[in-house]
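Here is a friendly walk through a multi-chain model. Have the viewer open and follow along.

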Amino acid sequence: MKFDRRNFLKVSAMASVITGAPMINRTFFSSPAFAATDKVITFLSAENLTGNWDPTSHTTLGQINLESFVFGYLTRAPMTPGNPDEIVFELAESMELLDEHRLQFKLRKGVKFHNGEPFTANDVKATFEYASQPDRPAAWYPGLCTVDVVDDHTAVVNTTEHGYPASLFWFLSAFLPIMSAKDLADLKTLASRPNGTGAFKFVKQDGNTTVLEANADFLGGAPKVPGLNMTFVGDATTRMLSLLSGEADIIERLEGEQVETIKAKQGFAINEAVSVENKYLWFRCSKPPFNNPTLRKAVAHAIDRDVILDVLGVSGTASNAWVSPVKFGYVDTPNYPKYDPAECQRLLAEAGFPGGQGLPKLQYITSVGFYPKTKEYGEVITAMLQEQGFDVEFSAMEIAAWADNLYDRPGGGPGDMIDCGWATGSPEPDLVLRTHFHSSSKRICGIEDAELDAVLDKERNATDPEARKKIIQEELMPMLAEKVPSLSLFTSVFIHAMREDLKGIYIYPNGMMDASKATNT
Amino acid sequence: MYLLSFLTRRLFQGAVVLLIVTFAIFTLLRIVPGDPARLIVGGMAPDEVVVQKAEELGLNDPIPIQFVRYLGDLVRGDLGNSFFRPKSGATVGAAAFDDPTRDDRAEVLTLILETIPLTLQLAGLAVVFALIMSFPLGVAAGLNPGKWQDKLAFFTGSLFVSIPNFWLGIVLAQVFSVNLGILPSLGYKGFEYTILPAVVLAIGISPFIIRTLSVSIAQVMQEEFITVAPLRGLRRSRIVGAHAIRNASIPLLNLFGIQLGALLGVLLVVELIFDYPGLGRLTINAVLQRDFPIIQGVAVFISAIFVFINIAVDLAASYIDPRLEY
Amino acid sequence: MRDKDTILLIQDLTVGLANDPSAKILDRIGFELSAGKVLGLIGEAGSGKTVLARAIVKGISDPLVYKSGKVVYRGEDMLAVSSEKLVKIRGNSIGYIGSNPSGSLDPTLPVGNQIVEKLRSVNPSLSEKEATERVLEVLAAVRIPSPEVRFHEYPFQFSGGMMQRVMIVDALVTNPAVLIADNITQALDVTVAAQIIRLIKELRDQFSTAILFISSSLPVAEMIADEILVLQQGRVVEKATPEKLIMSPQHDYTKSLLARLPRIWGPEVKAPTAIEASTLMSVDDVYRTYLVRKKNTFNGRNAVQAVRGITLDIREGENIGIVGESGCGKSTLTRLLAWLEIPEKGTICFGGRDLSELSWKELTKLRQSFQLLLQDPYSSLPARMPVGRIIAEGLLIHKVCKKSEVRGRVLAAMKEVGLDPSIENHLTVGLSAGQRQRINIARALVLKPKLMILDETLSALDQVEQSKLFELFEKLQKTHGFTYIFISHDMALVRKVCHRVAVMYLGRIVELADNQTLFQNPAHPYSRALLSAVPTLDDHPFKSEEYLLEGEPPSPVHIPNGCVFRSRCPVSIERCKTDDPRPTPLSHGSYVACHLVVESAVDHAKILENSV
Amino acid sequence: MSKTASPIETTEAGIVTEALRTPAQRMLRQAWASSSFRLGFGIFLLLLFGALVFPEISSIDPTKMNIKGRFIPPLFLGDNWSWAHPLGTDHLGRDLLLRCLVGLRYSVLIGIGTVTLMFTVGCALGLVSGFKGKLTDTIIMRITDAQLSIPMIILAITILGISRPTAPAIILVLGLAGWPLYARVARSAALSEKSKEYIRGQRVLGASDLRIIILFVAPAVLPPIAFVAVLDVAAIMIFESILGFIGLGIQPPTPTFGNIIADGRKYLINYWWIATMPGVFLLFTLTSLNLMGSAMENARNKVLRGGA
């Protein structure tokens, strides 16, 4: 008997049956069922979930990606380079700005949530009014809003009472998952499982694998694949090996070397795209020593971002602003902090720590296994800062542990600097800027700065997109360059790799995916 | 009767040992930095919530009182709930402090009971592999001290014990899974996923078996009852097979009892490397996440296993050699 | 020429070392064994006895090699046969019994199964059942009590004597034509050894086996052999019947062997007589019990009553002997006398001071006055200390003198005990047993003790060394006025040096008497049995046929009611079952613990008469 | 009943001088006589020399990064190898030879430090426990059992996972986690030593417990145990690298074997040497230690059995 893998599996499966072991090779027994047709897609995700299925409870990208399979959105923003402002309608059939404070959505009829409830304007109202509350951790909304239900399939987002233009929801509508009004009346249920109108239904959480099955009633037509399994694997090498061994169909967040490896093999395809994600070095601005902007600036001048880009290779591209070039309002900020040791030393001295003297030990936290090369460039940054006299202690954490340390908290978040990226499925810049730098949200850096608040409010309240863009580019970005609550290091290039037989999957620039048309043989 | 009294006594001793272990671990995890209440509610929670949670869990009581409470739960089979892991078993992070799912954390006992069969399967297979590798070598070396068999066993043992097993794991996974594609190496989807980790583990164990076996066989072969056996009319095959190995197996059994801790160390890292969803990976993840109830539960559980295995080893040894008394 | 009864013929057997062509361990050995006859073979340690025993059954291994010769069993040369054939002869037709019965069987398996295993190995046609029956039959034949039970017991559950019986069964179960018994009584107590020899005699008649009986003791061989070979350095130097060998030895070696044998009852024996003197140490009704874990219980303990009420006065300047067999409590008594252990009941006074009432400091000081010399000269000295330092240790502990004087005192002591001062800075490794014992003596001597307790101190030495040390002891006694307590199992030694002798049995002194009385007119039946079992060429006043005991002493855990000796006593009476005899004083501080002595002066006298 | 004579006694002058050495000396000589010991010793010395001296005299800093010069292969392999980096460079362009040598330095430091601590604590407790017996023994042994039943790795990763792992912390944690085996061995050795005749001899002379432990029991019991401790140095070195690998060892940028392997693991497919070199270094070091240790263990067994 030729000893090949298949025979081996047979033998071992038989052996485990004979010995009565509970382990039965599932792939062996179940795979023939779908052998002829499309197979379930196995997607290995680089980031963990939060454990709470309420989409407003988190800003975790891994879970946002999952939500894009399960939930429906009023619109979608493909953000293709050729047509960055394109909006595709999904749950909405049309979108119309009635006046400065009112945005009307005509909704698609006959759509059902996965639990069988019909989708109506009430769901939009419930979703928007719940999710825009300031205590929701996912502060995607520009502020509180009201939704007027005109009829079952017409909803008007009304910001009259809340003092900002409704036009902000134009792009945002592509990023706000629509929940069922019934679920929202019972938050416990909402948190316990995802229930949307998307192409895939949630079946169960099995360890780190989220099992989804095709939604036959999907408004865009039933997906061809029977289902999709999204598994969190917190190690880049493991993800790649799984793809190569055929255990995974698609993986995300590849690094340069991995791309080379996969390109050298037959049967795989690579998808590379400049993303909406910028990676930042966040300062804990709400506690010493980084409550001092001069010190933050000193750090910013100590870092040579070109070297970091060298380390990243294909996984990153330069960016001199706090949003990705794909986003609305991007600008090559003229006073963006550059690598300048002399300036760094000057600022250090100005802050009262000449040559780093008197500075406490600074903890720099980063994650491993999720973002490409974090540990590598983390070490580089550490070395650069140490060279300027900063006493930096570098900790690389597993992704889940890092996530628990990520956000600002009363008294300041853990450590002094933390590495994190921010990707949102919409060109809307406030999903980054307001979320992070406005004192009403200040997710990671914890900055509370009246001047920043004022500029952010000004930009939000601008009704004319061009005027808004100008404020962002000429007032907000330069101000951020002065106050550096965080330093944007680069813009990520998202690299996905998949089996060649997996076709028709669309990957948004924030990593969300559309697999409703995918085939997988 | 003998068995009963033996078990009673040893279980009593074991209980004392477990009590000390539990207290030590419990105290350790209470005095280290990292407020459990803060860990439970998450980083983002305001201080009031932390205080409230601490009050709710009785974390402000003196440690002995907390310990007694923990013991009370323990005897009822309740090892507590994980700080982070939901019942679904997913790895989670970054949830909000007022998250209703925080109440839905997995029970530590369940997590342990879910992972332990896989770990036992791995350890068992590794021991089988190790015995297959070491028995011929060790016995041959013991029967021929100073000869090439002895030297072969010595060098094999020295080499195997010198290979950093996690490194070997990485290399083997690379060769067998990536380059050759013969065996799967990451995660667990079926029995074949146990093979590579078991081989690595077996290479870690086998030097000890080879060494113990060769030394004890060589020693037994010097014993009067062996040297005199051919004069009594026994054949060599019988002398070696029925008597020498039988007597040499007692040091081997004791070795298992003692080296169990070391075995576990290797097991832990092997599971990590092969992403094998056993007790080891659970433990490492718990430590990295500071999931105190899991760490504590695992420590107590492993101590209990340790105590039980040592009782079993002694029982087996006294079954083989009735002179041994406990 | 061999006669037709010859079963085994050894011709020109020479065994040497593989790596040394000139070395000869056995040199041209030749003899024959005939059915129903016992051929004795005696020789000292190192004479090649055991090598010979094994060489006959082709049982020697590297570095030993056969150089020449034949071992012909029924016309077949054992050294030349195929291994298949060898298996059929060895263990089947030729049985072998070694000197270490306790180590001869796998300790982890029941003895019966192992004998069955052996039987079926040499005789595969037997079924398990048949083999078992056969083994049980032979077990009964060697008078092992309740063989069905003991069949299933493990080697460690057997005493040395019983285990030797088992090994006899193991050898005889195949009905061998030849039996090689290699020093089979060596490890046994005298009474047990005597029982075994009696058993072998009976079996010889029963099985009509040809026996090669190897022993290091001429008196032992003399008891059983029809003919005796004397082996010296691998060569047979003399062969004769026992009578001829003893009466008219031919070879010089045989003569010196005979001359060195200690005499116990011969006319030339001059036994020391008891002296009257003040009491140096008095032992008053001391008890010592050890608690050992009881196997089958949760927390149960077995009380091993090692010493059960011993009373003894030691007179200044005398030599007192304490004798008894294994397990009689000698060693415990030694430790009590040396105050290494404290009796749980009773007192020990030294120089009139109760040792238990002394403070630690006083005791440490007093310790200088009574010193213990240990049995094993090898393990009793620290291996990592130079000789001079070892001897100085006592002086340093007690700070007897200034540091600067220590060396002088040490050297003086070394000189006094006959140690070359040049070894002062040597380690003890490489020194002979005699030299080592001298170091032991010297380190006690520096403390100027009054009492020396000698725990089997001389038993590890050969006859020549023993005599030299005796002289030293006598000299020291004269110069320093020492008192000696000899604790020993060696009756000949005690006979030679002790003024008074105490006989111990199961934790008691059953008889204390002066030398002459004990050896000529012992009052206690156990004393007589012990004496009857002593192998000697002397004209024995106590014939073993008459006095030898059956069985073995009861366990010190389960002390029977009444007289503890009654289970083996040939003259026990009804009262012995219920009453424990207390020591009854006789003349001159002697006493005996036996009802017969007290009950009936007439009977007592009669017993004494019979025994003389 | 008669004691057979020591084999040494009967042999000639050379052996007698041999006999005059202390057992530890004799073990060393015996060990030195074996070729595997000398081989191991040679390799170890070479490695140790490299680890101690080379980083000091080298002009390169093991933490100095050079992104342009990363992934340089070892000598004679690949296209762009260079004499400046005999073992190549890692993913950040740091010299692998230097990193491995510095890693070795920490590894040996932690190995020896830990074993010294384990040995000291364990043997002290074991000696007292075995010699004193009774309640002292029971208490110490129960604690030992308890400690022994929490596997070292669990204890170590627990403590190191929640505190900051530095070299002294690692030594302390591993040392405190690893003493029980020494305590057991020392105890049983003390027990058997205690029952020996010569100890009784010392007692008869009037020596106190402490005097006996220090003057006789410890010197008799400890060297043989210390002899085998070399094997534990190797075991601890593996342990240290495991900790580094998990991320609970000395933190980067300090290079340790575990760190380097963990970092290089990602690049194994494309740049195999990064993870392989420290493995090879570790393999050589451990082999040298194990060769020495096993030879020493054999020597010890021979000397102890040969009657000291």
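## A phenylalanine in the core

Setting aside neighbours within four places in sequence, C:Phe213 is in contact with C:Val38, C:Leu39, C:Gly40, C:Leu41, C:Ala181, C:Ala221, C:Ile224 and C:Ala225. Two residues are in contact here if their C-beta atoms, placed from the backbone, lie within 7 Å. The model is predicted, and local features need pLDDT of at least 70, side-chain atom pairs count only at pLDDT 80 or more, and totals for chains, interfaces and linings use all residues. Residues are numbered from 1 along each chain as its sequence is written, while chains are lettered from A and ligands numbered from 1 in the order in which they are written.

Which residues touch the most other members of the largest nonpolar core? They are C:Phe213 and D:Ala156, in a core of 534 residues. Such a core is a set of buried Ala, Val, Leu, Ile, Met, Phe, Trp, Tyr and Cys residues joined through C-beta atoms within 7 Å. A residue is buried if 20 or more other C-beta atoms, placed from the backbone, lie within 10 Å of its own. Helix H9 (residues 209-246) of chain D gives the most to this core, with 22 residues. Domain 1 (8-197 + 500-520) and domain 2 (274-493) of chain A both give residues to this core, so the core lies between them.

## Chain A and its domains

Chain A has 17 helices and 23 strands; helices (H or I, at least four residues) and strands (E, at least two) are DSSP runs, numbered from the N terminus. The radius of gyration of chain A is 24 Å, close to the 24 Å that the globule rule gives for 521 residues, so chain A is as compact as a globular protein of that length. That radius is taken over C-alpha atoms, and the rule is 2.2 Å times the number of residues to the power 0.38. Of the 521 residues of chain A, 57% are buried.

The two domains of chain A, whose bounds come from an automatic or database domain assignment, have C-alpha centres 29 Å apart. Across their boundary, 28 residues of domain 1 of chain A are in contact with 26 residues of domain 2 of chain A. The domain 1 side has 19 nonpolar, 6 polar and 3 charged residues. Ala, Val, Leu, Ile, Met, Phe, Trp, Tyr, Cys and Pro count as nonpolar, Asp, Glu, Lys and Arg as charged, and the others, Gly among them, as polar.

Chain B comes to 13 helices and 2 strands, and 51% of its 326 residues are buried. Its C-alpha trace spans about 85 × 55 × 30 Å along the principal axes.

Of the 5 pairs of chains in contact, chains A and B share the most contacts. Chains A and C do not touch, and their nearest C-alpha atoms are 32 Å apart. The contact between chains B and C takes 24 residues from chain B and 26 residues from chain C. On the chain B side, helices H1 (2-31), H9 (224-227), H10 (229-232) and H11 (236-273) each supply at least two residues. That side has 9 nonpolar, 5 polar and 10 charged residues.

## A helix in chain D

Helix H4 (residues 96-132) of chain D has 37 residues and should span 54 Å at 1.5 Å a residue; its end C-alpha atoms are 52 Å apart, which agrees. The expected span is 1.5 Å times one less than the number of residues. Because 27 of its 37 residues are buried, H4(D) is largely enclosed by the rest of the structure. Just after H4(D), D:Gly133 takes a positive phi of about 65°.

Key: Buried ≥ 20, exposed ≤ 12 C-beta atoms within 10 Å, placed from the backbone.
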